[in-house]
Amino acid sequence: MFKMIDVDNSGQITLEELKNGLKRVGSDLKDSEITSLMQAADIDHNGTIDYKEFVAAMLHVNKVQKEDYMFAAFSYFNQDGSGFITYDELQ
């Protein structure tokens, strides 16, 4: 995936490469989320992501997606919006 996103084969992923690459693999992250991800992943603050930084970023994306799925599942059962799933809602 790193090589697919690093279209210029520089060994570094720019913000634009990251945005384009994530869109190509079907990610639905907003530009602001991708920018935040870039800033969080760019540990050495050089404006690009190297392979080690990329691996860390992908772990974060995976966590965010799992949280989104869990929230969607919770919301499905929490039909009254109370923040709790009652026995009746679960049935």
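These legends go with close-up views of a predicted model.

**View 1. The largest nonpolar core brings together 15 residues.** Ile 13, Leu 18, Leu 22, Ile 49 and Phe 54 have the most contacts inside this core. Helices H1 (2–5), H2 (15–24), H3 (31–41) and H4 (51–77) each give two or more residues to it. As a general background, nonpolar side chains tend to be buried together in soluble globular proteins.

**View 2. Leu 18 and the residues it touches.** Which residues does Leu 18 touch, not counting those up to four places away in sequence? Look for Ile 5, Ile 13, Ile 34, Met 38 and Ile 49.

**View 3. Asn 9 sits in the loop between H1 and H2.** Check the backbone here: phi of Asn 9 is near 55°, a positive value in a residue other than glycine. Asn 9 is also exposed, with a relative accessible area of 63%.

**View 4. His 45 is found in the loop between H3 and H4.** His 45 is not a glycine, yet its phi is positive, at about 55°. The relative accessible area of His 45 is 66%, so this residue counts as exposed, the cut-off being over 50%.

**View 5. Glu 89, in helix H5 (residues 87–90), is buried yet has no salt bridge.** Where is the nearest side chain of opposite charge to Glu 89? That side chain belongs to Lys 30, 25 Å away. Leaving out residues up to four places away in sequence, Glu 89 touches Phe 77, Asn 78, Gln 79, Asp 80 and Phe 84.

Definitions and conventions: Residues numbered from 1 in each chain as written. Predicted model: local features only at pLDDT ≥ 70, side-chain atom pairs only at ≥ 80, totals over all residues. Heavy atoms only, no water. Core = buried A, V, L, I, M, F, W, Y, C linked by side-chain atoms within 4.5 Å. Buried < 20%, exposed > 50% of the residue type's maximum accessible area, 1.4 Å probe, protein only. Helix = DSSP H or I, 4+ residues; strand = E, 2+ residues; numbered from the N terminus. Contact = heavy atoms within 4.5 Å. Lys, Arg positive; Asp, Glu negative; His and termini not counted. Salt bridge = Lys/Arg side-chain N within 4 Å of Asp/Glu carboxyl O.
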